[in-house]
Amino acid sequence: MLPRRMPARALLAALLAVTGVHLLAQLTGSDTVAAVTQVLLMPLLAGALWLETETPRGRLVTLTLLALGLSWLGDTAPRLASGDAGFLLMVGFFLLAQVAYIAAFLPYRARSVLHRRRPLLLAYVAAVAALVAACAGGADALLGPVLVYGACLGTMAVLATGVNLPTAVGGALFLVSDGLIALEAFAEGVDLPAHGFWVMSTYVAAQLLIVAGVLREQDRHGARPTTTDAVRSR
């Protein structure tokens, strides 16, 4: 769903332009440009969501804004440290972002693959299990954080299926993006060409689709799920 308000559309256009520059920098190895543009991505998206919605913002929008803010910290904070410390900072902030998304999507669980189209749930479980299995051997002391993050990431992707199709696809792409990071970091013999490009393209697409789904749900039902959904979620 495209924003209706011009200020939000302007920020969305800026986001698309910055994303294009960032992805080109990833492909050409322009590390400085990639670093500068990466820290602009989530503020532009969060700004578009903020300007497109009105106060009082409901649970779904508020927690999505929180998740975008934590994602920005995940993009930014690792630049302040190196090695395992930088990686743990990134994982920590993105873990909190996944928790925020889980809290945002939880009221819609009755419409998710937990209760409908349950065979799809097996696909999510299998994907997370395969990812953890591929990374376990190389994670060493970081295996615990990897397991926790994988569980939260999979839970977020599953619950995202309950909101609507854009959010479901966004959650799945988030799983793909973070899976690529984990495979590059821990799996033996994995060396994906243009790794940064694929990670960031799926990441930005995931966040865009989640926000589009949130806006669609906000437009359909206002700040909260429908009464029927709330009853079915109990």
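Visitor: What kind of contact joins the side chains of glutamine 98 and tyrosine 149?

Guide: A polar contact is a pair of N or O atoms within 3.5 Å; within protein, one must be able to donate a hydrogen and the other to accept it, and residues adjacent in sequence count only if both atoms are side-chain atoms. Here the side chains of glutamine 98 and tyrosine 149 are joined by a polar contact of 3.3 Å. This is a predicted model, in which local features need pLDDT of at least 70 and side-chain atom pairs count only at pLDDT 80 or more, while totals for chains, interfaces and linings use all residues. Residues are numbered from 1 along each chain as its sequence is written, and side-chain values use heavy atoms, with hydrogens and water left out.

Visitor: Where is glutamine 98 found, and why is it called buried?

Guide: Helices (H or I, at least four residues) and strands (E, at least two) are DSSP runs, numbered from the N terminus. Glutamine 98 belongs to helix H4, which covers residues 83–105. Buried means under 20% relative accessible area, exposed over 50%, and partly exposed in between (1.4 Å probe, protein chains only). Glutamine 98 is called buried because its relative accessible area is 0%. For contact, the criterion is heavy atoms within 4.5 Å. Leaving aside neighbours within four places in sequence, glutamine 98 is in contact with Tyr149, Cys152, Leu153, Met156, Phe174 and Asp178.

Visitor: Which residues of the largest nonpolar core touch the most other members?

Guide: A nonpolar core is a set of buried Ala, Val, Leu, Ile, Met, Phe, Trp, Tyr and Cys residues joined through side-chain atoms within 4.5 Å. The largest such core has 49 residues, and Leu68, Tyr101, Phe105 and Phe174 touch the most other members. Helices that each supply at least two residues of this core include H1 (6–28), H2 (31–52) and H3 (59–76). H8 (195–221) is another of these helices, and the largest share of the core, 9 residues, comes from H8. A second, separate core of 7 residues includes Ala139, Leu142, Ala182 and Phe186.

Visitor: With which residues is phenylalanine 105 in contact, leaving aside its neighbours within four places in sequence?

Guide: The partners of phenylalanine 105, with those neighbours left aside, are Leu60, Met156, Leu159, Ala160, Val163, Thr167 and Ile210.

Visitor: How many residues does H5 have, and where does H5 bend?

Guide: The expected span of a helix is 1.5 Å times one less than its number of residues. H5 has 21 residues, and the 30 Å from its first C-alpha to its last is close to the expected 30 Å. The bend at a residue is the angle between axes fitted to the seven residues ending there and the seven starting there. H5 bends by about 25° at alanine 133. Between the C-alpha atoms of leucine 122 and alanine 133, 11 residues apart along the chain, the separation is 16 Å.

Visitor: Which residues of H5 are buried?

Guide: They are Tyr124, Val128, Leu131, Cys135 and Ala139, and the buried residues of H5 pack against H6 and H7. Leucine 122 is also placed in helix H5, yet leucine 122 counts as exposed because its relative accessibility is 61%. Just after H5, aspartate 140 takes a positive phi of about 55°.

Visitor: Which residues does a cis peptide bond join?

Guide: The bond joins threonine 55 and proline 56, with omega about -5°. Proline 56 lies in the loop between H2 and H3.

Visitor: Is arginine 111 buried or exposed?

Guide: Arginine 111 lies in the loop between H4 and H5, and it counts as buried because its relative accessibility is 12%. A polar atom of the side chain of arginine 111 lies 2.6 Å from the backbone oxygen of valine 163. The side chains of arginine 111 and glutamate 217 are joined by a polar contact of 3.3 Å.

Visitor: Where is confidence lowest in the protein?

Guide: The term pLDDT denotes the predictor's confidence in each residue, from 0 to 100. The protein averages a pLDDT of 89, and 94% of the residues score at least 70. Confidence is lowest in helix H9 (residues 227–233), at a mean of 43, and highest in H3, at 96. Over residues 226–234 the pLDDT is below 50. Where pLDDT is low, the predicted coordinates should not be read in detail.
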